Amino acid sequence: MLPLRRILVTKFSRRSKIIGLLSSSILAVTNDNRTNKDTDHARTIKRVSSVGSDRSGDDINHISDLLLLNPRLKRFDLQHNNWKIDRAENLINALRFNSSVTHFDIQYNFIKEAALALADVLELNRSLIHLDLRCCQLSSKSMQTIARRLESNQHLKYLNLHDNLIESREISSLARMLLKNRRIEELDLGANHIQDYDVSVLYPSLCLHPALRSLDISCNKFGNEAAGIIAGMLSGGRNRSKITNLSLRGNHIYHDGIILIFKALESNRFLSSLDLAYTYMNDSCLPVMLAMLTINRTLLRLDITRTLIMNAIQKLPPILEQNPALSFIDMRENKLSPPADLRSPGDDGENGNFSTCSVFFSQDDDDDEIFF
């Protein structure tokens, strides 16, 4: 039998027994020096996934035992469980004494005030590099406390705070944290309540952060004013951000703000992926976008899905020939007018009475593909 490296436990009637047996076998090894293949294999488990169902108190206790007793455990995936605050606190307190887990995913567990215990863990823990708190209904107090604790934590590299009702007070705490924490590489603040002013608060810490490479601020509540600030961040000379992946999708950014961002990318040499899907970009942005694409050689992926553009298909192929770096443009779900040779009989381009299509361009080495 090969050593067991991972256990996945989902909606299964004997789930609690499985987790209990697993933690018991590890406990047996801890309390008994006898060699036993089964228990030795149990201690080599490096990843536990327990996803998508209510967890009993026994389940949480057994999982806590795994955190305390398995010295090789690296990844815990506990998303989409219906935790109550007391159960979450028991598990998080077990993490306080663990020195091996690097990835901890508890998204879609409504832990609320239990996150205060997690904040204390972050102050002491030196192994955790990936923390996913997406949609955990964190309270304002919990969010601000986590941000303060992360000021001194120089180990965490990935932090997901997507969909946690983050507003101005929490943004101020996160901005201060980013000025002191120099290790975070990926930050997800999507689907919160971030407005234009909040982006201006984040601006200094985003520009000066030496490690941050991926920023998701999609589906928030900011518009053109914030787009101008982001444009300054992308083209700001010595204070230019080194972010390589940026998602602005689903914000209230109109064509004027989009134009500022495209102009900033003419001089940007870091950004490789930009998501502007579900914004209010229209055909007035196309000349600036095309001019940017003829100059920029860093941008690899551009997503403008479901915007307001209509006349891009005829103009993009020549740009793709000039720009060997650009590998992917997604324009699906737009009311795009097809090229003349693809129009159906009877289409009238002048009156706009023609078929529409969805398209993305993908370049792979020398091959160009167009998907309709």
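Which residues are buried in helix H11, residues 286-295? Let me start there. Leu-286, Val-288, Met-289, Leu-290, Met-292 and Leu-293 are the buried ones. And what covers the buried residues of H11? The cover includes two helices, H10 (255-265) and H12 (316-322). It also includes two strands, E11 (301-303) and E12 (328-330).

A word on the source. This is a predicted model. Please keep that in mind for each distance I quote.

Now the whole chain. The protein chain has 372 residues, and buried residues make up 51% of them. The secondary structure comes to twelve helices and 14 strands. Take the contacts between residues at least 6 apart in sequence: 82% of those join residues at least 24 apart. The chain exposes about 17,300 Å². Carbon and sulfur atoms supply 49% of that area.

Next, helix packing. Look at H8, residues 196-208, and H9, residues 224-234. Their axes come within 9 Å and cross at roughly 10°. Angles under 35 degrees count as roughly parallel. H8 and H9 are therefore roughly parallel to each other. Which residues meet there, between H8 and H9? From H8, the list is Asp-196, Val-199, Ser-200, Tyr-203, Leu-206 and Cys-207. From H9, they meet Asn-224, Glu-225, Ala-226, Ile-229, Ile-230, Gly-232 and Met-233.

On to charges. How many salt bridges does a search of the whole structure find? Seven. I will take three of them.

One is Arg-149 with Asp-120, at 3.5 Å, N to O. Arg-149 lies in helix H6 (residues 140-150) and Asp-120 in helix H5 (residues 115-124), so this pair ties together parts that are 29 residues apart in sequence. How accessible are the partners? Arg-149 has 21% relative accessibility, so it counts as partly exposed. Asp-120 is at 28%, and it also counts as partly exposed.

Another is Lys-180 with Glu-151, again a salt bridge, at 3.5 Å, N to O. Lys-180 lies in helix H7 (residues 168-180), while Glu-151 is in the loop between H6 and strand E6 (158-160), so the pair ties together parts 29 residues apart in sequence. Lys-180 counts as exposed, because its relative accessibility is 52%.

Then there is Arg-249 with Asp-303, at 3.1 Å, N to O. This pair links distant parts of the chain, 54 residues apart. Arg-249 sits in the loop between strand E9 (245-247) and H10. Asp-303 is in strand E11. Is Asp-303 buried or exposed? Buried, because its relative accessibility is 16% and the cut-off is under 20%. Arg-249, at 25%, counts as partly exposed.

Salt bridges that share partners join Asp-120, Glu-123 and Arg-149 into one network.

Last stop, the surface. Which residues form a nonpolar patch on the surface, with about 290 Å² of accessible area together? Tyr-254, Tyr-280 and Leu-308. Tyr-254 is in the loop between E9 and H10. With a relative accessible area of 41%, Tyr-254 is partly exposed.

To recap. H11 has buried residues including Leu-286 and Leu-293. Strand E11 is part of what covers them, and Asp-303 in E11 pairs with Arg-249. H8 and H9 run roughly parallel. Thank you. I will take questions now.

Terms used:
Residues are numbered from 1 along each chain as its sequence is written. This is a predicted model: local features need pLDDT of at least 70, side-chain atom pairs count only at pLDDT 80 or more; totals for chains, interfaces and linings use all residues. Side-chain values use heavy atoms; hydrogens and water are left out. Buried means under 20% relative accessible area, exposed over 50%, partly exposed in between (1.4 Å probe, protein chains only). Helices (H or I, at least four residues) and strands (E, at least two) are DSSP runs, numbered from the N terminus. Contact means heavy atoms within 4.5 Å. A salt bridge is a side-chain nitrogen of Lys or Arg within 4 Å of a carboxyl oxygen of Asp or Glu. Patches are made of residues with over 30% relative accessible area and no salt bridge: like charges are joined within 9 Å, nonpolar side chains (Val, Leu, Ile, Met, Phe, Trp, Tyr) within 5 Å. Accessible areas come from the Shrake-Rupley method with a 1.4 Å probe; for residues, only the protein chains shown count as cover. Axes are lines fitted to C-alpha atoms, for helices over the stretch in contact, and angles run from 0 to 180 degrees between N-to-C directions. Angles under 35 degrees count as roughly parallel, over 145 as roughly antiparallel, 65 to 115 as roughly perpendicular and the rest as oblique.
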